[in-house]
Amino acid sequence: MIRRPVAVVTAIVLFVEGLGIAGLQWFLGTVVDRQKMSLAGLDPDAMSVSTKAGGVLFGLYFVFCGVVALLVALRNRPAAGLGKILLISVAVVHGLLGAVTVGLVGWGAFAFMMVVLGLVLLTLMTYDRQDGVADAVPGGSGGAGGRGTGGPERAAPAVPPASSAS
């Protein structure tokens, strides 16, 4: 089946993306620190430290989402609880980042964000339905008639007795 490899690729991409985001933010924080840049009178040291801290936290978020995707692949079961919430939130983040990057960075970054969004959604949706689980049919085992009769059982309609009011 394709769902395990998709979950593994999703995990790898999220790991690389987490490290890339943390590295980029660390670099930007270092640039701000070395040039003593200021924005509207803000302290350059505070800007540098907050940029680095935000990058590390955002990178850890992506890495943690990658761990969830890797656990999904290893266990061959869908994510549940906090793991599912994390995967849904990282899908939303990639949708929003894709919308922002198309204007700021270009179509290549947008395409990358949409590929990652697609991988996360495939990871979520391919594990949505379990193999071997029949569709829910009330009162039956999921077969055609529900009781192994080979067809739907038809009960005679209840007809009220005709009243003879003459």
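How much space lies in the second largest pocket? About 160 Å³. This is a predicted model, so that figure, like the others today, is computed.

Who lines that second pocket? The list is Phe-64, Val-68, Leu-71, Val-72, Arg-75, Arg-77, Pro-78, Ala-79, Ala-80 and Gly-83. Helix H2, residues 44-75, gives the largest share of this lining, with five residues. By type, the lining of the second largest pocket has seven nonpolar residues, one polar and two charged.

Now the largest pocket. The space in the largest pocket comes to about 180 Å³. Its lining is made of Ile-21, Leu-97, Val-100, Thr-101, Leu-104, Val-105, Ala-109, Phe-112 and Met-113. Two helices, H3 (82-104) and H4 (107-126), each put at least two residues into that lining. H3 has the largest share, four residues. Eight of the lining residues of the largest pocket are nonpolar, one is polar and none is charged.

Next, H3 itself. H3 has 23 residues, and at 1.5 Å a residue they should span 33 Å; the end C-alpha atoms are 32 Å apart, so the two agree.

Which residues of H3 are buried? They are Gly-83, Leu-86, Leu-87, Val-90, Ala-91, Val-93, His-94, Gly-98 and Thr-101.

Last, the end of the helix. After H3 comes Gly-106, with a positive phi near 135°.

Conventions: Residues numbered from 1 in each chain as written. Predicted model: local features only at pLDDT ≥ 70, side-chain atom pairs only at ≥ 80, totals over all residues. Heavy atoms only, no water. 1 Å grid on protein atoms, 1.4 Å probe; cavity = no way out; pocket = protein on both sides within 12 Å on 5 of 7 lines; lining within 4 Å. Points joined across faces, edges and corners; volume = space filled by probe spheres on them. Nonpolar A, V, L, I, M, F, W, Y, C, P; charged D, E, K, R; others polar. Expected span 1.5 Å × (residues − 1). Buried < 20%, exposed > 50% of the residue type's maximum accessible area, 1.4 Å probe, protein only.
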